[in-house]
Amino acid sequence: MAKEFDDQLMDKLVSLCKRRGFVFPSSEIYGGFNGFWDYGPYGSRMKRAIENLWWHEMVETRDNVEGLDSTVIAHPMIWKASGHIDQFSDLMTDCKKCKSRYRVDQMADPTTCPNCGSKELTEPREFNLMMKTFVGPVFDDEHVAYLRAETCQPIFVDFHSVRVATRQKLPFGIAQIGKAFRNEINPRNFTFRSREFTQMEMEFFCDGEQGMEWFEYWKEQRIKYYRDKLGFEESFMRIYEHEKLAHYAKAAIDIEVKFPFGWGELEGVHHRGTWDLSQHSKFSGQDLQYIDHDNKTKVMPTVIETSVGLDRTMLALLAHAYDEEKAATQKADMEEDVRVVLHLPAVVAPIQVAVLPQSKKLKENAYNLYKDIDRFFRCEYDETGSIGKRYRRQDEIGTPFCITFDFDSLNDNAVTVRDRDTMQQERVNITQLRRYIEDKIF
Ligand code: GAP
């Protein structure tokens, strides 16, 4: 379903997310907090579904990738070794007139304030993005610590422990899902650039000789994931090959997708050479080389990284899924009837199956059916309003299947299953229901 986004799409998404409980501004009753977002009931379900899908794809179905769940705050030397304390900064400038603050690389014309047009801007200066805190009772320089700016650094730091604990041999990977924090100068585009966000990263350790082969392998795997699992077609996704590489890197690509505001990075696949483990060896004094006992050799593993933002994945999915369809109206004087529908892949939809009694008189039977299938799918029970209204409510949150328990169900032990996308209805025997839905979802 290749389509052009309408200009209002971002506003519509923000409004739908708030109204239907996907995403709210954080601390809203205090006026919000720029760059921070809360995931509501449907948002948190969808978020977890995306995490589970990624985890299943990257860890559970692979013998050579292990999982990790490290702390958000760790030894500050990690960030010295990684270069974040000295180099993780953006150039910023302030407008002297209206006091707006900008990231210089995001300004179309870095000599003019985009807000008020003033030419009086401060000299660009470095602004470090690490979020600082203090650990212990004394708030001085010695007790400064940092909230992690990326989830991959603890993976490098724990590389040796994971290898010993799992007896993995090269090549193997370590994956982690978790929060990352960056004091972004200019958070914007809804959740696209936030100050607190979730990353899903996998670091694959291999012999340098096979580095480029593994880089190509992971690049293909990740593109395939977006195409086959999330349904992103060619017109929605493109690959950006980095020409300017970090001094230690051998190759890097970004998987970009079309967001309502234009193309944006969703995931990076990077060949990071031996940089990360070498740096942590140097700063910790621990030898992080891999010892190959079979060949009696020592090697500093090369790293291939896949790094994706969960919040951006969700935003991309919502933008891709959002549709407004004109429905036929019964009465000539009625306003045009528009069906808002999220064509989300069933595997990440917050609710996969809604169970609706045709009449409140059937609530007990319908509720029992709901409790039966709730064990297998993300389900919701809804008995309020007309069936038509209930369908629309489910369309708007992207529920792929609505099951109606009607009076005939009492006699034929069958229900009507309505498909969100085609709106076609099928009669399915209750004994076949689980199988019927599983075949369509998985
Ligand atoms: N370890 C490599 C790394 O962190 P990155 O390009 O800075 O690389 C990886 O971040 C991914 O994390 C990005 O592709 C994006 O999806 C997500 N991301 C980065 N900064 C973000 C922010 N401020 N808000 C939301 N997501 C962000």
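Begin by selecting Phe-190, which counts as buried at 9% relative accessibility (buried means under 20% relative accessible area, exposed over 50%, partly exposed in between, with a 1.4 Å probe and protein chains only). The model is predicted, so local features need pLDDT of at least 70 and side-chain atom pairs count only at pLDDT 80 or more, while totals for chains, interfaces and linings use all residues. Residues are numbered from 1 along each chain as its sequence is written, and side-chain values use heavy atoms, with hydrogens and water left out.

The structure holds 24 aromatic pairs (rings of Phe, Tyr and Trp, the last by its six-membered ring, pair if their centres lie within 6.5 Å; planes under 30 degrees apart count as stacked, over 60 as edge-to-face and the rest as tilted). One of them joins Trp-37 and Phe-190: the centres are 4.8 Å apart and the planes stand at 90°, so this pair is edge-to-face. Trp-37 belongs to strand β2 (residues 37-39) and Phe-190 to the loop between β9 (172-181) and β10 (196-206), so the pair ties together parts 153 residues apart in sequence. Helices (H or I, at least four residues) and strands (E, at least two) are DSSP runs, numbered from the N terminus.

Move to Tyr-370 and Tyr-381, whose ring centres are 5.8 Å apart with planes at 35°, so the pair is tilted. Tyr-370 lies in helix α10 (residues 363-373) and Tyr-381 in strand β20 (residues 379-381), so parts 11 residues apart in sequence are tied together. Tyr-370 is buried at 12% relative accessible area, and Tyr-381 is buried at 19%.

Then select Phe-5, Tyr-225, Tyr-226, Phe-232 and Phe-236, which form one aromatic cluster.

Finally, display the sheet that contains β20. This open sheet of five strands has the order β20-β19-β21-β22-β23 and mixed pairing (two strands pair if DSSP finds at least two bridges between them). Its edge strands, β20 and β23 (425-429), each pair on one side only. Strand β19 (residues 353-357) runs parallel to β20 and is joined to that strand by three bridges. Within β20, Glu-380 is the bridge partner of Ala-354. Helix α11 (residues 387-397) packs on the sheet, touching β19, β20, β21 (401-405), β22 (414-419) and β23 (contact means heavy atoms within 4.5 Å). The direction of α11 makes about 170° with that of β19; axes are lines fitted to C-alpha atoms, for helices over the stretch in contact, and angles run from 0 to 180 degrees between N-to-C directions.
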